[in-house]
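Opening the notebook on this chain.

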Amino acid sequence: RRCNCCGIELRLRPLHSLVMVAFHLANSGMDGETLFGVIACLSCLLALGANPDLPEKISPGQLFGEGDISESDTGFTGECSHVDLSATDLALQISEDHEITIRTWPEERRVGWESFVAILEFACEERDQELFNMAEASRYRADKLYKGESWPEGTSTEQTIEEFCDD
């Protein structure tokens, strides 16, 4: 797909796609759907390093069939509707935009969706904390070097973080 206005390619990353699958399973799934399978897939992708905070240019309205997604005879039409959204932001926006629909779902689907979104949010917080710890460890290491203290060769960032946390 391309933006109707500027022609930029609109595509979903794997986690964005999984958000859409989770929503559609919750919205159109069979009785007893809990989203357990899609949550398991999410957990695996996150464990393998997928970044839930990585933005992509997408058009949420077009994902849900809102607006004109075809080109007219004269070229691109309308206004740009794409935005940079991470998978987490997409899930949060869907929760907000489709709140009324979500309230009509059976409890197990609502709980599954809310759990799915909470896992994405938690993964972003954990990733932010990890990046913060790495930055702090680098500053700690630089401070030690600045003070003329030696630093054992081959010390990893993880070891630096552990020493920083111990101090």
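First, the rule I used for charge pairs: a salt bridge is a side-chain nitrogen of Lys or Arg within 4 Å of a carboxyl oxygen of Asp or Glu. By that rule, the side chains of Glu99 and Arg103 meet in a salt bridge, at 3.2 Å from N to O.

**What I'm looking at**

I'm working from a predicted model, in which local features need pLDDT of at least 70 and side-chain atom pairs count only at pLDDT 80 or more, while totals for chains, interfaces and linings use all residues. Numbering starts from 1 along each chain as its sequence is written, and side-chain values use heavy atoms, with hydrogens and water left out.

**Layout**

I looked up the secondary structure and found seven helices and two strands in the chain. Helices here are DSSP runs of H or I with at least four residues, strands are runs of E with at least two, and both are numbered from the N terminus. Reading from the N terminus, I get α-α-β-α-β-α-α-α-α.

For burial I took under 20% relative accessible area as buried, over 50% as exposed, and anything in between as partly exposed (1.4 Å probe, protein chains only). On that scale, 31% of the 167 residues count as buried.

**Helix 1**

I checked the length of helix 1, which covers residues 14–28. Its 15 residues reach 21 Å from the first C-alpha to the last, close to the 21 Å expected at 1.5 Å a residue. The expected span is 1.5 Å times one less than the number of residues. I then listed the buried residues of helix 1, among them Leu15, Leu18, Val19, Met20 and Phe23. His16 is on that list too.

**Leu35**

Next I went to the loop between helix 1 and helix 2, where Leu35 lies. Phi of Leu35 is near 70°, a positive value in a residue other than glycine. I noted it because most residues other than glycine have a negative phi. Is Leu35 buried or exposed? Leu35 counts as buried, because its relative accessibility is 0%.

**Salt bridges**

How many salt bridges does a search of the whole structure find? I get five.

Arg13 forms one with Glu56, and the closest N and O atoms are 3.0 Å apart. This pair links distant parts of the chain, since Arg13 is in the segment before helix 1 and Glu56 is in strand 1 (residues 56–58), 43 residues apart. Arg13 is partly exposed at 30% relative accessibility, whereas Glu56 is buried at 10%. Arg11 comes in here as well: Arg11, Arg13 and Glu56 are linked in a network of salt bridges.

I also found Asp31 and Arg109 paired in a salt bridge, at 4.0 Å from N to O. Asp31 sits in the loop between helix 1 and helix 2 and Arg109 in helix 6, 78 residues apart, another pair that links distant parts of the chain. Asp31 is exposed at 75% relative accessibility, but Arg109 is buried at 7%.

Back to Arg103 and Glu99: both lie in helix 5 (residues 99–103), four residues apart, about one turn of the helix. Arg103 counts as exposed at 56%, and Glu99 as partly exposed at 42%.

**Contacts across the sequence**

I looked up Ala123, which is in helix 6 and is buried, with a relative accessible area of 14%. Its C-alpha is 8.3 Å from that of Asn51, 72 residues away in sequence. Ala47 is in helix 2 (residues 36–47) and is exposed, with a relative accessible area of 69%.

Then Pro55, in the loop between helix 2 and strand 1. Pro55 is partly exposed at 42%. Pro55 and Leu90 are 35 residues apart in sequence and 9.4 Å apart in space, C-alpha to C-alpha.
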